[in-house]
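Colleague: Before we discuss this fold, could you show me the sequence and the structure together?
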Amino acid sequence: MRLFACAAMGLGISGCAQVPPAEVPPTSATQRHVVVLDIDGTLTPDNPDVFEARPSAAEAVGSLSNKGYKIVYVTTRIPLFQSMLPKWLKENGFPDGSSLHIAQTSEDRADPSDYKARILALYSQKGWHLDYAYGDSSTDFTAYAKAGIPREHVFALKRRDAAVCQDGAYQTCLDGWTDHLPYIEREIPSAR
């Protein structure tokens, strides 16, 4: 598999190096609240569309960041497409100062809900409040429920060409980020 990943470099895909594990930062006097986001299918239109950002996704995440929330990305993306994530987030206008947690092992990728729940438990242990979460898969919603994020603060995004969102505990199924922007502005309070 590693040979295939390195061979992909010839196609302009730099997938040989994994992004190192992110540390869970300590809370501060000015920042204690978290918004959790999956990436593939949530910030992208579908899991295979790793090079494309959903319309208004960066604007929505930026709005949450501007309200004082720590943005935490948790993904089980395969190694072939991991190394491009920090650059992709930056180039697509997602906010700086975010934390990016990417599954490091095949065991983590085999059980996404367990991996994501473990990362979120570390945030809770360090005093962070897990306030809101966004995802596209049932494993996201299972992880968010395990982490104690209230169903009313979890939002599902419909994958490209899907008729409905995947099953899980969430407030609503969103077609995309554009229609959700007014909700973020009106309904999600400042974390400051």
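Colleague: What makes this an open sheet, and in which order do the strands stand?

Modeller: This is a predicted model, in which local features need pLDDT of at least 70, side-chain atom pairs count only at pLDDT 80 or more, and totals for chains, interfaces and linings use all residues. Residues are numbered from 1 along each chain as its sequence is written, and side-chain values use heavy atoms, with hydrogens and water left out. The open sheet has 6 strands in the order β3-β2-β1-β4-β5-β6, with parallel pairing; strands are DSSP runs of E of at least two residues, helices runs of H or I of at least four, numbered from the N terminus. β3 (99-102) and β6 (172-174) each have a single partner strand, so one side of each lacks a neighbour in the sheet.

Colleague: How do you know that β5 and β6 pair?

Modeller: Pairing requires that DSSP find at least two bridges between two strands, and β5 (residues 154-157) and β6 are joined in the parallel sense over 3 bridges, with L157 opposite L174 in β6.

Colleague: What is the angle between α5 and α6, and why is their crossing called right-handed?

Modeller: They pack at about 35°, with axes 8 Å apart, where axes are lines fitted to C-alpha atoms, for helices over the stretch in contact, and angles run from 0 to 180 degrees between N-to-C directions. A crossing is right-handed if the near helix is turned clockwise from the far one by less than a right angle, and left-handed if anticlockwise; α5 passes α6 in the right-handed way.
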